[in-house]
Amino acid sequence: MAEVTPSGSGGPIELTGPAVDGGLEIRGGLGGIAFQLEELMVGAGKLDVLADVLAAVEVEIHRIWGDLGAYQNDSRLSGTEALMSVGEAQWSVQAVREELRTISSQVRASKQNYEAAEAWASVARGLGGGLTSTGTMSRQAQDLGLGFVPNREVAELAAGPLAMVALLALSPERFFIALSVDLAAGRHIAAAVPLLTGMFGSAASSLRPRPVIADRKESLSVEFDGSPAALLERARIIDARGAGYIEVIEVDNGGQKAYVVVIPGTQAGGEVGGTNPFDEAGIAEGLGNRSAEVKAAILDALQSAGAEKGASVVAVGYSQGGIHAMNLAADELFVNDYDMKYVLTAGSPVGGIVPAAAVSSLHLEHRQDWVPGADGTPNPDTRDRVTVTLSSPVATQEGEDLGLGPGHRLANYQDAARLVGASDDPTLKDSTAVLAGVLGAGGTATATRFSLTRTKAETVSAPGPRLQPTRQPSPQQSESGWPVA
């Protein structure tokens, strides 16, 4: 319970802090502190309105009292007592008005004090538990003496530096990609490219945005229940399908069609800035270019999958995929074409991305995962945005590579999604109810898969019309990938 004593008040105003449900810390949404503060501010505004009304009443009473002045020499009952009664009424109204103003001021002071206290608490949390043990380390990390990786709070405080140090230790040959993301975050990628070109030469040219083509590959029937855990399972499946794949799932919710866009996380190992739009350069595309090219390809994919204009859409993304998913919700053109209802992200740095009004979102983070804090901005605590942070310790298992740290593994976030679905917390129940309202109870759905390809650099040297994806329908297939009738 957070306790704040407003200036000049006789006692504390209590505000509920982040809810805790088992190993889950819950911020935002129905029970979020910001929503509580917002309600307090609404109340303060109503008090101000009442005070203004009483001020007008006070003026009118004073006018009446002045009019009664001519009768003060009449009999006591009709003169002096009337003047005294009206005067006392004015003083009473004045006292109530001043009390309302005082309460309103105290509420506003409480909000400011609480926000200041929370800011200091965030700093203390980050400094107090800034480095998290990774358990068993990779051979490369052991050679470099790297036994710890920054946690989420430290990543938010330090933004790029600590995150880049970790990546430099784990993958030196890709360090300049991390630097580019840090430079590009919050502004167009073009702002970072000239500096990177001077520092790293022609290698930085791979970061320049290039058109992305969506090529329809297959459609298949899948069993789908629409829960957060089921959404992240689709992210795992589409990542396993191959580099550059996304999935568009058509769901029939009581005769109303809704569509789920599933976007994988970063797919490293290939040529940086090559044909796979979800390589490391895709992070720069997401943070620095607002996923412009990926969004265009996803629009093509939705249209090819049969999504009509105005259809309800849910987007889900893991790690880098969450950046692209949130950018869909923040894009004016996209939300004009489709009714974006809900976004689910897992391990994604999306605090600086502001979705359109009325878009609900659920963000899963792990305290040992520095990636969600790599943009240096915590997720806003608002009515429509819920952030769930896992606090249960995890470690790299014997024989596993450290990667980006054990907290960033998709399997951990799938476990979190199952806990969210089973939780009785009012905020989580409210958030998952929104998702269920869009996707229904589940059943058989149609998943259409697209291969997204970033065009080669030489194909975009001169302006020209955007290449369009192949829209030829593919044979229906089963989950195994074999054609079916």
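Visitor: Which residues of α8 meet which residues of α13?

Guide: In this predicted model, Pro228, Ala229, Leu232, Glu233 and Arg236 of α8 meet Leu410, Tyr413, Gln414, Ala417 and Arg418 of α13. Sorted by class, the contact of α8 with α13 has six nonpolar residues, one polar residue and three charged residues.

Visitor: How should I describe the way two such helices pack?

Guide: The general idea is that two packed helices are described by the angle between their axes and the distance between the axes. Here the axes of α8, which spans residues 228-241, and α13, which spans residues 410-422, come within 7 Å and cross at roughly 160°. Because angles over 145 degrees count as roughly antiparallel, α8 is roughly antiparallel to α13.

Visitor: Turning to burial, how many residues of helix α11 are buried?

Guide: A residue counts as buried when its relative accessible area is under 20%. By that criterion 10 of the 11 residues of α11, residues 320-330, are buried, so this helix is largely enclosed by the rest of the structure. The buried residues of α11 are Gln320, Gly321, Gly322, Ile323, His324, Ala325, Met326, Asn327, Leu328 and Ala329.

Visitor: Is helix α9 mostly covered or mostly exposed?

Guide: Helix α9, residues 281-288, is mostly covered, with seven of its eight residues buried, and these are Ala281, Gly282, Ala284, Glu285, Gly286, Leu287 and Gly288. When you follow the backbone onward, note that α9 is followed by Arg290, whose phi is positive, near 55°.

Visitor: Where is Leu207 found, and why does Leu207 count as buried?

Guide: Leu207 is found in the loop between α7 (193-200) and β7 (212-224), and Leu207 counts as buried because its relative accessibility is 4%. To place Leu207 against another part of the chain, take Glu280: these two residues are 73 residues apart along the chain, while their C-alpha atoms are separated by 9.3 Å.

Visitor: What share of the contacts in the whole chain joins residues at least 24 apart?

Guide: Among contacts in the chain between residues at least 6 apart in sequence, 74% join residues at least 24 apart.

Technical notes
Residues numbered from 1 in each chain as written. Predicted model: local features only at pLDDT ≥ 70, side-chain atom pairs only at ≥ 80, totals over all residues. Heavy atoms only, no water. Contact = heavy atoms within 4.5 Å. Buried < 20%, exposed > 50% of the residue type's maximum accessible area, 1.4 Å probe, protein only. Helix = DSSP H or I, 4+ residues; strand = E, 2+ residues; numbered from the N terminus. Axes fitted to C-alpha atoms, helices over the stretch in contact; angles between N-to-C directions. Parallel < 35°, antiparallel > 145°, perpendicular 65-115°, else oblique. Nonpolar A, V, L, I, M, F, W, Y, C, P; charged D, E, K, R; others polar.
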